[in-house]
Amino acid sequence: MKIVMLGAPGAGKGTQAKRIAAQFGIPHISTGDIFRANIKNGTELGKKAKSFMDQGLLVPDELTVDLVIDRLGQDDCKKGYILDGFPRTIPQAEALDKALAGKGEKMDYAVDVDVPDENIISRMSGRRACTGCGATYHIVYNPSQKGDNCQVCGEALILRDDDKPETVQKRLSVYHEQTQPLIEYYQGKGILKTVDGTKNMDEVFEEILGILK
Ligand code: AP5
């Protein structure tokens with residue numbers, strides 16, 4: 001099963017993608033996580049990506065598309081995968097479809113986690129990310145049982161640089177301009193499924209499972 005997660009920044013794509021990946025035994029591929037790992041490791045890609053991410057801008061397609069297409073060629077993707085944060089532009093979606101068509105494959109589902117902008121700011125300001133394993137928490141909706149440390153690996157939890165309110169506003173406007181058109185793109189392909197992302201995490205998960213089964 002091949003799934004694309006769509007939705008505004010902070011809509012809960014990552015939260016749900018991890019659960020779906022575990023449920024179906026498929027890899028969770030998050031471009032945001034890949035870029036953050038490169039930043040942490042001080043790679044050239046990380047240095048380039050950081051300059052865009054810190055401003056709330058998208059990393060250019062030429063740094064993103066080949067990275068993902070290569071990743072999809074790895075053995076663990078043979079049974080399918082869930083893409084979180086990619087594609088984010090129409091050219092990325094077209095490049096993905098072209099790469100899949102070249103292998104006689106196609107995307108099965110595009111799941112749009114729908115959350116209005118007014119809910120996003122509070123979600124982002126309350127998010128805490130683990131500096132070790134990348135697990136994500138929310139200080140109100142999903143707090144770590146170890147306070148300011150990750151309940152999985154024990155490392156410190158931080159507010160992501162791009163979760164500061166001024167950067168979130170920019171990310172939202174970039175989302176509406178460059179990523180939201182993908183909703184129509186996947187609707188046109190007949191694979192778009194929309195879920196109400198304002199419900200609690202378990203309810204959203206159940207709704208997605210109902211679609212995928
Ligand atoms: P990325 O890491 O992909 O960020 P994003 O898409 O903006 O999404 P987020 O990770 O911020 O949010 P999410 O929807 O996953 O929400 P989450 O589950 O964490 O990308 C970061 C940057 O990298 C981009 O801005 C860009 O610069 C670059 N980039 C990445 N991919 C790219 C690409 N393809 N092309 C170009 N550039 C790219 O949830 C948010 C919070 O809410 C959490 O605290 C969570 O606990 C809580 N929460 C989740 N669900 C619920 C719920 N139902 N109720 C209450 N709280 C909830």
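By class, the residues of the shell around the ligand are 13 nonpolar, 13 polar and 9 charged; Asp, Glu, Lys and Arg count as charged, and Gly is among the polar ones. This is a predicted model, in which local features need pLDDT of at least 70 and side-chain atom pairs count only at pLDDT 80 or more, while totals for chains, interfaces and linings use all residues. Residues are numbered from 1 along each chain as its sequence is written, and side-chain values use heavy atoms, with hydrogens and water left out.

Among the 35 residues around the ligand, those that come nearest are Thr15, Leu57, Arg88, Arg127 and Arg171; a residue is near if one of its heavy atoms lies within 4 Å. The table gives polar contacts, meaning pairs of N or O atoms within 3.5 Å.

| Protein atom | Ligand atom | Distance |
|---|---|---|
| Gly10, polar backbone atom | oxygen | 2.9 Å |
| Thr15, polar side-chain atom | oxygen | 2.5 Å |
| Lys199, polar backbone atom | nitrogen | 2.8 Å |

On its own the ligand has 1000 Å² of accessible area, of which the protein covers 97% (Shrake-Rupley method, 1.4 Å probe). The largest share of the shell, 4 residues, comes from α2. Helices (H or I, at least four residues) and strands (E, at least two) are DSSP runs.

An open sheet has 3 antiparallel strands in the order β6-β5-β7, where pairing requires at least two DSSP bridges. Because β6 (136-138) and β7 (157-158) each have a single partner strand, one side of each is left without a neighbour in the sheet. Strand β5 (residues 127-130) pairs with β7 over 2 bridges, and Leu157 in β7 is the bridge partner of Cys130.

Definitions and conventions:
A polar contact is a pair of N or O atoms within 3.5 Å; within protein, one must be able to donate a hydrogen and the other to accept it, and residues adjacent in sequence count only if both atoms are side-chain atoms.
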